[in-house]
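Good morning, and thank you for coming. Please look at the sequence and the structure on the screen while I speak.

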Amino acid sequence: MKFLNTIALLLVTFSFALAQKVPAVYSNIGSDENGVFLQIDDRKIYAEKANDLFRFEDLYSAATGTTEGISFNFKFPELSGTLYFGFINYKDGKHPQPVFFKESSPIYNGISNIPVKKSLSGKYDMIHWEKTGQGVIAYRIVTDKGNMLYDGRVAFSYTDGMFKVEPTIVEGPFINQLSPKGAIISFTTSNEIEGKIIIDGKTYKNKKPGKHHEIKIDDLQAATKYKYTVSVGDFDFDFSFETAPQAGSRTAFSFAYASDSRAGKGGGERSIFGANAYIMKKIAALASAEKIKFMQFTGDLIDGYDTSHERMNLQYANWKHAVEPWWHYIPFVPGFGNHETYNYVFKDTQTGNVYLIDHFPFTDDSSESLFQDNFVLPENGLVSEDNSKYDPNPESIDFPSYKENVYWYAYDNVAIVALNSNYFYAPHGLTTTSGNTHAFIMDNQLKWLQQTLKKLEKNKDIDHVFITIHTPFFPNGGHVKDDMWYNGNNDYRAFVSGNAYEKGIIQRRDQLLDLIVNKSKKTVAILSGDEHNYNLLTITNKMERYPTDYEFKKLKLSRTFYQINNGAAGAPYYAQEKTPWSDHVRNFSTQNALVLIDINGEKIEVRVKNPDTLELIDEYMLRE
């Protein structure tokens, strides 16, 4: 009996060890040996399982060499379909992309192969692997239902009649955090290696080998173009980038803005598992042709709203791959949107209600941490909502991190301030579970914005400040039911540990406008998305912006301000809806669009183009 009691105690202890610690910011959420659950009265509703059929890592590290070519075991028995393949010629063009061969290979039970020797030799050897003994081959996984799943690549060598898979750059290189002295160049490799960057004969590298590489370059000359070489094993890849000018140089330059590129309809590359790669490639190519210096892309990169860490990473990879050939040269700067959400999902079968909350643990398995893992963004934002008025445990970390999802950066005389209006996001049922509502900026982020704008007002090198946020302050088509309006209903707000925020969504919108419009002279416009259309809204004090029964103090605006909405990067369109401010909307369009912002000292001109047809959609001066 004593032995059985000991076993029982061990089993109970093990079960509690398996139970996930629930952040104190939630309400009615628990965890036991069976998983995370929502407590409704006396019922436990357990979160849906991720049901992972694959590991993302196995999609890019599946290759092995054979005497005939490359074989793949994706460790995904349910996968059947087609493997398309073709070489990438890094010497033929500035933006290397695969050229798919006329033949393909079947995928059965997650296993396939590329017959390099048989199919890609002789007149089809356009990278000269037979002469050099090495090359890079791309592959595309398409399921038996015709859905594109993933684009990968493999570096290989060939000696003594045998192909060998070599360490491969599976993502990147990417230019990040451009400055007058350099940039952070990041890339991911299939194996743990010592990656190197070579510029003007000098080698830069990380302190220790790894798969993810972030190499900081900070000793270059401003406004200078540099060639750089990424060295991975026996493979070298050559690209270039131009350092930023000295702050406040006030040289003429352009940057681009868009958002909302989650998978679209119409087939083909409009949907590569979570991302509209077709339009994103068009956007990146147009931006490059317009010689922009950086691209701001604020939210809904991917479909998201997933319960699987693996599937979320796959979606992010597909988005990055779409713009990668241009990201080798100029920064693409992502922001956070509602479709970056990684959830626990609870389905109440008795009532039909569905509840979604931000995944946890927040430090390494949340929406915010996944976004941080996938991008290299400025870390000059705040920490979290801990130590705010609503913090349930001031002595511990209870909220998700704002690291790399709230930030600001500058280029010459322009500053971009990126906010996160989907932080700690609970899309459904937050009055029960607690969480943040769509488009609501919580207290610490509001304070950080106030402090940041004060600094920028005093910065003599900065003339223009753009606020970028996924959700419009004034929605016009698709999200009139929410964003910072909710059909005029101020009741929507954040909940923490079951406690509602004092301010509602429209009150919080006015607090933001007061900071941005009334207390800052340098702010030019809001760059928003979420609604899958383009439009310009001219915001004035005379513009109607309150519901007829609004009982709270109304904000007086001291000057004219602008909202440039461009959520037209490939997600399914939204038509215009009637709002109190509809008469202030200009050139509402459901065409795919890229906003190009031309800076010339104190002047700001905006051009909007369709990246597919190159048609000019709109053109105007913001500052003269």
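What is shown is a predicted model, in which local features need pLDDT of at least 70, side-chain atom pairs count only at pLDDT 80 or more, and totals for chains, interfaces and linings use all residues. Residues are numbered from 1 along each chain as its sequence is written, and side-chain values use heavy atoms, with hydrogens and water left out.

Some terms are needed here. Helices (H or I, at least four residues) and strands (E, at least two) are DSSP runs, numbered from the N terminus. Buried means under 20% relative accessible area, exposed over 50%, and partly exposed in between, with a 1.4 Å probe and protein chains only.

How many of the 14 residues of H10 are buried? The count is 11, and H10 is thus mostly covered. Among them are Ile505, Ile506, Leu512, Leu513 and Val517, but also Arg508, Arg509 and Asp510. H10 covers residues 505–518 and reaches 19 Å from its first C-alpha to its last, close to the 20 Å expected; the expected span is 1.5 Å times one less than the number of residues.

I turn to the nonpolar cores. Such a core is a set of buried Ala, Val, Leu, Ile, Met, Phe, Trp, Tyr and Cys residues joined through side-chain atoms within 4.5 Å. The largest has 94 residues, and Ile197, Phe255, Trp319, Phe466, Ile564 and Leu622 touch the most other members. Apart from this core lies another, of 67 residues, including Ile357, Tyr390, Phe440 and Leu557. Phe255 is in contact (heavy atoms within 4.5 Å) with Phe294, Val414, Phe466 and Leu527, among others.

Next, consider strand S10. Of its 12 residues (148–159), 10 are buried, so S10 is largely enclosed by the rest of the structure. Two strands pair if DSSP finds at least two bridges between them. S10 pairs with S9 (residues 134–143) in the antiparallel sense over nine bridges, and five bridges join S10 to S11 (residues 162–166), also antiparallel. The hairpin of S9 and S10 has four residues between the strands, and there Gly146 takes a positive phi near 85 degrees. In the hairpin of S10 and S11, with two residues between the strands, Asp160 takes a positive phi near 50 degrees.

Finally, the whole chain. The secondary structure comes to 10 helices and 35 strands, and buried residues make up 60% of the 624 residues.

Note on methods:
Lists of a residue's contacts leave out its neighbours within four places in sequence.
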